[in-house]
Amino acid sequence: MVWLDEYERRARLIPGLLAIFPLAILLSVLSLRQLPTVSYAMGAAAVIGMPVVVADIVRQRGRKTEKTLWASWGGPPTTAWLRLRDSSDNEVQRDLWRKAVAEVSGVELLSLRAERANPSRADQAIATAVGQVRDLTRDTAKFKLLFNENRNYGFARNLYGVRWIGRGISLGGVMVVGAYMAWVSLGRHQDGITAESLFGVASCLAFFIYWCVWPSPGRVREAANKYAQQLLQSAVTLKGEAHAAASNPNA
């Protein structure tokens with residue numbers, strides 16, 4: 001799909017497709033895909049850019065969820081890890097990251113005393129500095145590991161963001177197929193319990209269980225921490241490269 005890049009396909013489109021996939025199962029079980037109108041509508045939707053629309057909806061849901069999660073975490077992991085007023089599991093690592101982020105971004109981070117006096121401004125300085133580092137690491141070939149962690153975080157966040165959509169569609173699929181089986185058996189006096197119908201119920205039920213079990217704040221936080229760690233470490237790499245270039249200007 002030329003209109004979506006690698007990040008968008010993995011982090012946005014796939015969660016959206018997983019959420020709406022039970023609809024395809026319904027179309028198959030109910031034999032609606034054989035109808036010319038349905039086939040034309042599905043083809044037209046794919047051609048006019050339905051994947052882009054799905055990816056954008058997933059992105060919006062993911063961003064909204066991100067704000068809620070960050071509030072419960074006390075801020076983005078990068079901000080929390082660079083604060084001086086919060087306890088740290090590794091103060092040496094924190095100081096290394098702070099120096100690298102400040103030097104690479106050109107944004108001065110506040111001292112401990114200043115942080116305590118104005119926590120909001122301290123967090124704003126950290127967020128601005130980290131944003132500058134993020135802009136300097138857009139080269140996906142050079143920072144491949146960072147790109148992969150960012151993509152994994154986006155996938156986990158967006159999957160959690162559309163969990164209720166996925167649950168609703170998959171549960172609705174179970175109910176619709178079940179009602180269809182009952183209608184065929186009781187209303188039309190035919191055998192409604194076919195292999196295809198049972199497969200449809202089982203598939204939609206499996207998706208419902210997946211949406212109830214797999215997406216979780218814990219998985220999102222784990223992915224966010226890995227991305228944050230790699231982003232901050234990239235600042236250390238940029239700092240080292242800058243010092244090397246300064247010490248050897250003719251290289």
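**Aromatic rings and their neighbours**

The charged end of Arg 163 is placed over the ring of Tyr 160, at 3.8 Å from the ring centre, where a charge sits over a ring if NZ of Lys or CZ of Arg is within 6 Å of the ring centre and within 35 degrees of the ring normal. This is a predicted model, in which local features need pLDDT of at least 70 and side-chain atom pairs count only at pLDDT 80 or more, while totals for chains, interfaces and linings use all residues. Residues are numbered from 1 along each chain as its sequence is written, and side-chain values use heavy atoms, with hydrogens and water left out.

**Charge over a ring**
- Arg 219 lies over the face of Trp 214, with 3.5 Å to the ring centre.

**Aromatic pairs**
- Across the whole structure, a search finds five aromatic pairs, meaning rings of Phe, Tyr and Trp (its six-membered ring) whose centres lie within 6.5 Å, with planes under 30 degrees apart counted as stacked, over 60 as edge-to-face and the rest as tilted.
- One of them is the stacked pair of Trp 81 and Trp 97, at 5.8 Å centre to centre and with 20 degrees between the planes.
- Trp 81 counts as partly exposed because its relative accessibility is 28%, whereas Trp 97, at 8%, is buried (buried means under 20% relative accessible area, exposed over 50%, partly exposed in between, with a 1.4 Å probe and protein chains only).
- Tyr 153 and Tyr 227 are stacked because their ring centres are 6.2 Å apart and their planes are at 5 degrees.
- Both Tyr 153 and Tyr 227 are buried.
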